[in-house]
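Please read the following report beside the sequence and the 3D view.

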Amino acid sequence: MRSLRARLFVGFTALLAAALLVFGVIVWLVAREAMTNDLDDFLRSKATLLGRLVAPVRNRIEPWIEQEVQVQERHFMLQVFAADGSFAGKSSNLAQAIPLSDEARRSEHPAGNAVIETLHADGRAYRVATHPRRELWGDPVALYAQALIPLDSVHARERRLLAWLVGCGMVVLAAGGVAAWHLSRQWLRSVANLEEAARGLSSAELGLRRLFVPADDAELAALAASFNQLLDRLEGAHAAQQRFTADASHELRTPLTVLRGEIEVALRKPRTAEEYREVLVSNREEIERLSRLTENMLALAHVDVGEALAQRELVNVSELCSGVVAKLQALAEERRILLRHEDGSEGPLSVNGDRMALDRVMLNLIENALRYTPAGESVTVRVSQLRPWIEIEVIDTGGGISAEHLPHLFERFYRVDKARSRAHGGSGLGLSIVKALVEAHGGGVSVRSEVGKGSVFVVRLPEA
Ligand code: ADP
């Protein structure tokens with residue numbers, strides 16, 4: 001069944017039917033038992049009364065006795081047998097005598113209690129109570145007095161009860177089914193509303209509209225709220241993507257505009273070979289900037305689609321850091337900055353990750369530190385163990401970053417000083433790549449900085 005409403009309806013109705021069935025069977029059994037007990041008690045009392053009335057008149061059932069016992073009103077019959085078991089008399093409403101059973105004769109209960117049994121005669125079944133009548137307690141039986149009733153009439157009563165039970169059950173079941181059908185529509189109306197509202201949201205409205213959170217329905221409120229949270233995230237992602245596209249186009253346009261300007265100026269009049277050379281060298285710079293930018297964008301795209309960690313292996317972080325430091329030593333010397341590597345750990349510290357990616361993380365961080373630190377200062381790379389993390393700090397004694405920029409530093413294309421960064425060849429993607437790669441490794445990156453004192457970039461990676 002595809003529809004929740006149909007399932008609710010069928011489930012509820014089936015449950016109701018089962019409950020009614022169990023209830024009906026119990027009522028039926030209890031009522032039948034009670035009816036049988038009542039009938040038996042009634043017949044016993046009538047048989048006992050008959051025994052008392054008939055004894056003085058020697059076994060004949062006369063009209064006044066029938067009246068006394070109220071035979072006509074209650075549709076039962078009477079019989080009397082002599083002590084030897086021979087038939088002695090019957091009430092006028094009994095067509096043919098039913099013989100005394102051995103069972104009734106044998107059970108000569110001294111107290112004279114009536115015996116109950118079911119007998120068959122000329123094709124009909126009878127419920128029979130036999131009272132063995134004695135003159136005095138302990139005397140032999142003087143006569144057998146019987147009250148009996150055809151079971152057909154009893155069965156008819158039972159059938160009437162059954163019909164009532166089944167009829168009432170059907171009515172209740174039908175009413176329950178109709179109620180379930182309508183209620184389920186009412187309950188599911190909020191779901192339908194929610195669905196309609198969600199369908200009505202076009203992508204253009206993502207940022208504007210949210211689903212109504214119903215106050216009177218906890219589950220649906222939770223559903224609507226989490227749907228709205230999803231919309232929030234979607235909106236965030238959508239906005240970030242738009243920002244990225246806009247920033248990227250802008251970043252690409254700048255070097256292209258510079259390139260075109262240089263070429264156009266060069267072409268305005270004939271130039272010497274030396275002049276052309278100069279233009280080409282400058283062009284190459286811009287082209288290098290462009291290819292760095294596209295490379296960085298590509299790197300970010302790789303992380304975004306989850307392809308950043310192509311090869312996972314055990315990477316020794318201390319070794320990796322000292323390798324990057326060694327690689328950048330020449331650049332540091334050129335800038336007259338003291339670049340150091342400190343390792344306070346005992347034994348090798350390893351992470352499970354991609355060597356190229358981690359290399360890039362360290363390269364970006366240390367390059368930044370060298371780039372934004374004036375000559376004569378120092379940059380220190382410190383590796384330490386902080387179970388379950390490995391902490392790598394890149395500490396510089398440069399100019400620092402003012403507090404208002406710190407929260408945005410890891411955003412794509414964010415630069416503190418656009419002109420200065422561009423002069424260094426930066427595009428504002430370096431730190432966002434660092435963040436994306438470190439997070440892909442299950443770690444995190446943070447920054448502390450104070451203007452005039454320097455900055456500390458801290459990378460935390462889970463130790464393997
Ligand atoms: P960029 O390509 O401009 O270097 P990044 O994402 O690597 O882009 O860095 C973003 C900005 O953060 C930089 O423009 C720079 O202003 C600032 N920054 C990064 N590292 C440092 C540092 N060690 N000291 C001072 N400023 C820094």
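Trp187 is found in helix α5, where helices (H or I, at least four residues) and strands (E, at least two) are DSSP runs numbered from the N terminus. The model is predicted, so that local features need pLDDT of at least 70 and side-chain atom pairs count only at pLDDT 80 or more, while totals for chains, interfaces and linings use all residues. Residues are numbered from 1 along each chain as its sequence is written, and side-chain values use heavy atoms, with hydrogens and water left out.

Rings of Phe, Tyr and Trp (its six-membered ring) pair if their centres lie within 6.5 Å, and planes under 30 degrees apart count as stacked, over 60 as edge-to-face and the rest as tilted.

| Pair | Centre distance | Plane angle | Type |
|---|---|---|---|
| Phe42 and Phe76 | 5.2 Å | 85 degrees | edge-to-face |
| Phe410 and Phe457 | 6.3 Å | 80 degrees | edge-to-face |

Because Phe42 lies in helix α1 and Phe76 in the loop between α3 (71–74) and β1 (77–82), their pair ties together parts that are 34 residues apart in sequence. Phe410 lies in the loop between β10 (389–396) and α10 (418–423) and Phe457 in strand β12, so this pair ties together parts that are 47 residues apart in sequence. Phe42 and Phe76 are buried, meaning under 20% relative accessible area with a 1.4 Å probe and protein chains only, and Phe410 and Phe457 are buried as well.

Among the buried residues of helix α11 (residues 430–440) are Leu431, Ile433 and Val438. Just after α11, Gly442 takes a positive phi of about 85 degrees.

Conventions
Buried means under 20% relative accessible area, exposed over 50%, partly exposed in between (1.4 Å probe, protein chains only).
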